[in-house]
Amino acid sequence: MQRRQYVTAYIFIAPVLLAFVIFIFIPLVMAVYLSFTKYNMAFVSGFVGFNNYKLAFTDTFFLKSLGNVLLFTLMYVPAILLCSLLVSVLLNRKLPGTVFFRTLFYLPAITSGVAASFVWMWLMNPHYGLFNQILERLGLPASLWLNGRFTALPSIALISVWSGIAGNMLIFLAALQGIPKELLEAADIDGCGGFRKFIFITVPILSPTFYFVGTMSIIGALQLFDLVFVTTQGGPEGVTMTPVMQIFKSAFLGSEKAGGLASAMSVILMLVIITVTFFTQNFTKLLRKRKKEAYIE
Amino acid sequence: MSRNVSAKSKKRALKFTNVSVTYLLLLAVGIFMFLPFFWSLVTSLRANIESITLPVSLFPKKIIWDNYANLFKDIDLTKYILNTVIITGISLFANLLICSLGGYAFAKFNFPGKKIIFNIFLASIMIPGIVLLLPQFKVIYNFPLLGGNDILGQGGTGLIDTFAGVILPGLANVYGVFFMKQFFVSTPPDIAEAARMDGANEFKIFFFLYLRMVVPALVTYGILLFNGAWNSFLWPYIIIQDDAKQVLAVALREYQMMYSDNLGPLMAASIIMCLPVFAVFIIGQRYFVDNFTFSGLKG
């Protein structure tokens, strides 16, 4: 009986396990292997040792693109955390019409990145775009938005926040609904105001969610691609060039398909992502420890 | 007494401003979220010349459908829509089946290696997608015995330029397994035991008893899968080179490259791209399960 159950379980799990081995496990091993080879996207023609890594680290475009996404992460992640938390708190008040607003807010999350990029490019058009028209109406100077050296990356961040709020808002909303009601009622009885309740009850309970959303946003931000690929293609003057675009370019565009170099770049990017997530994890731990110490003192 | 009343009215006034501020903020966020849709709709429904005449008006002076007609004239949109529908449909059903089977196994059975496999799956979520992009391409390119390849995967181009090449990597869907698992966990075990007593086999128990209990979860996850497959861009862009097999997202990108000044048709294209997804989402929403987060991740 027990044995038969094992067999059934293995049969049930076989399809996903097979797909996992073929499309995640083997590729992961292969990613490292390919980064040490000369690979033209069709054939592997020999080992080259650390040559691809040397090339990647001396490639100024690649290094600059790493700097760009780090800067982008610094703009995007705090903004997305703050905005999605704020929106989820608004929705959690459960006023009439909340379902309507929740549906409305969710639309950007299910919109095609390509389609959204077209529209945002049009909204941000320096000559006829709606945004500059509004700025002009308000008596403010027009902006170059995606075409400006200093405004391109913040513009990309703005669009990313627009499309990213919804997904994170739902995660925060689920966490907010998990806060025990007795806790909030007790605070009410003690005469705690809404703001103090938020700071002393909601925020501490939400901190694991905060950490989760933050980490996922960082991982996503460092792999920025679709949006930039369609809107700026890395311009102006390379300020929006991202590592994933560099990887894509080296591997698939141009006559020389440098799959080995691209693999090395993707391994480097993975290491950067792991380092950054590790760093933030320890940073939050440190913060918590400090807070505890402050309490004890 | 009067003091009490004034305190009460003060509290009521405070609550009133609180509610109004909430609505004002909701409205502001709503405008920001909806503006791009509104603007693409407006631009797609008026003549191009009207869109670039300053100062631009918020609403079309005259509603026309020429932009939509021109779009269909410029490119064979029906073909791309059909391709996207086929790919989305197959990957949706295959994913739901595979993830339900896997999730059910994790939720209902004990088997040697369960914990190890579960933890490996869990760890794999942290792998950034970009690392897998090139080697997944290689796996598709060197897929043995298909597309002119020999048993070692040499000689041809494997699953490049096929729908299978677009769909297959998406089936390694660990998220989906966790998602389905958490719903199977909360289904009652005694029904399966009773059915086993009656001699029903495990597949019957799964398909006819348990799968029906998690229909809301299937709908919810189905909608998410639909969105993902319909909007997917980079992977089909890499795998499909033959224009006859291209998907909508990539075709629209190519269209934009060719006719970047054709604002009206371009916005019409964006609207057409969004409509099916919005329709599915809004219709399916009432079946939505609240539990969106992956509490199934907790072992």
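A salt bridge is a side-chain nitrogen of Lys or Arg within 4 Å of a carboxyl oxygen of Asp or Glu. Keep that in mind for the opening stops. Remember too that this is a predicted model.

**Stop 1: a salt bridge in chain B**

Select E202(B) and R196(B). They form a salt bridge, and their closest N and O atoms are 2.5 Å apart. Is E202(B) buried or exposed? E202(B) counts as buried, at 5% relative accessibility. Side chains of opposite charge can pair when their charged atoms come close.

**Stop 2: a bridge across the sequence**

Now select D243(B) and K79(B). This pair also forms a salt bridge, with the closest N and O atoms 3.1 Å apart. Where do the two partners sit? D243(B) lies in the loop between α12 (234-239) and α13 (248-258) of chain B, while K79(B) lies in helix α4 (residues 77-108) of chain B, so the pair ties together parts that are 164 residues apart in sequence. Check the surface here. D243(B) is partly exposed, at 40% relative accessibility. K79(B) is partly exposed as well, with a relative accessible area of 24%.

**Stop 3: E50(B) and its surroundings**

Move to E50(B). You will find E50(B) in helix α2 (residues 48-51) of chain B. Its relative accessibility is 14%, so E50(B) counts as buried, the limit being under 20%. R46(B) and E50(B) form a salt bridge, with 3.8 Å between the closest N and O atoms. Both R46(B) and E50(B) are buried.

Next, show K61(B). The side chain of E50(B) reaches the backbone nitrogen of K61(B) at 2.8 Å. What else does E50(B) touch? Not counting residues up to four places away in sequence, E50(B) touches V56(B), S57(B), F59(B), P60(B), K61(B) and K62(B).

**Stop 4: a kinked helix in chain B**

Select residues 263-284 of chain B. This is helix α14, with 22 residues. Helix α14(B) reaches 32 Å from its first C-alpha to its last, close to the 32 Å expected at 1.5 Å a residue. Look along the helix for a bend. A kink of about 30 degrees lies at C274(B), shortly before the proline P276(B). In α14(B), 16 of the 22 residues are buried, so the helix is largely enclosed by the rest of the structure.

**Stop 5: chain A as a whole**

Switch to chain A. It has twelve helices and two strands. Along the sequence, chain A follows the pattern α-β-β-α-α-α-α-α-α-α-α-α-α-α. Its C-alpha atoms fill a box of roughly 75 × 75 × 45 Å, taken along the principal axes. How many of the residues of chain A are buried? Of its 297 residues, 49% count as buried. Contacts also reach along the sequence. Among those in chain A between residues at least 6 apart, 65% join residues at least 24 apart.

**Stop 6: an enclosed helix and an asparagine**

Select residues 243-252 of chain A. This is helix α11, and nine of its ten residues are buried, so α11(A) is largely enclosed by the rest of the structure. Among the buried residues are P243(A), M245(A), F248(A) and F252(A). Step just past the end of α11(A). There, G254(A) takes a positive phi of about 80 degrees.

Then pick N68(A), in helix α3 (residues 60-92) of chain A. N68(A) is buried, with a relative accessible area of 10%. Leaving aside neighbours within four places in sequence, N68(A) is in contact with L153(A), G238(A), V239(A), T240(A) and M241(A).

**Stop 7: where the chains meet**

Finally, show both chains together. The contact takes 86 residues from chain A and 94 residues from chain B. The area buried between the two chains is about 8400 Å², and carbon and sulfur atoms give 80% of that area. In chain A, select F12(A), F23(A) and W122(A). These residues lose the most area to chain B, together 10% of what that side buries. Now highlight helix α1 (residues 2-34) of chain A. Helix α1(A) gives the most to the side of chain A that touches chain B, with 22 residues.

How many salt bridges join chain A and chain B? The count is zero. Polar contacts are present, though: twelve residue pairs between chain A and chain B, both residues at pLDDT 80 or more.

Key
Residues are numbered from 1 along each chain as its sequence is written. Chains are lettered from A and ligands numbered from 1 in the order in which they are written. This is a predicted model: local features need pLDDT of at least 70, side-chain atom pairs count only at pLDDT 80 or more; totals for chains, interfaces and linings use all residues. Side-chain values use heavy atoms; hydrogens and water are left out. Helices (H or I, at least four residues) and strands (E, at least two) are DSSP runs, numbered from the N terminus. The expected span of a helix is 1.5 Å times one less than its number of residues. The bend at a residue is the angle between axes fitted to the seven residues ending there and the seven starting there. Buried means under 20% relative accessible area, exposed over 50%, partly exposed in between (1.4 Å probe, protein chains only). Contact means heavy atoms within 4.5 Å. Buried area is the accessible area (1.4 Å probe) that two parts lose on being put together, summed over both. A polar contact is a pair of N or O atoms within 3.5 Å; within protein, one must be able to donate a hydrogen and the other to accept it, and residues adjacent in sequence count only if both atoms are side-chain atoms.
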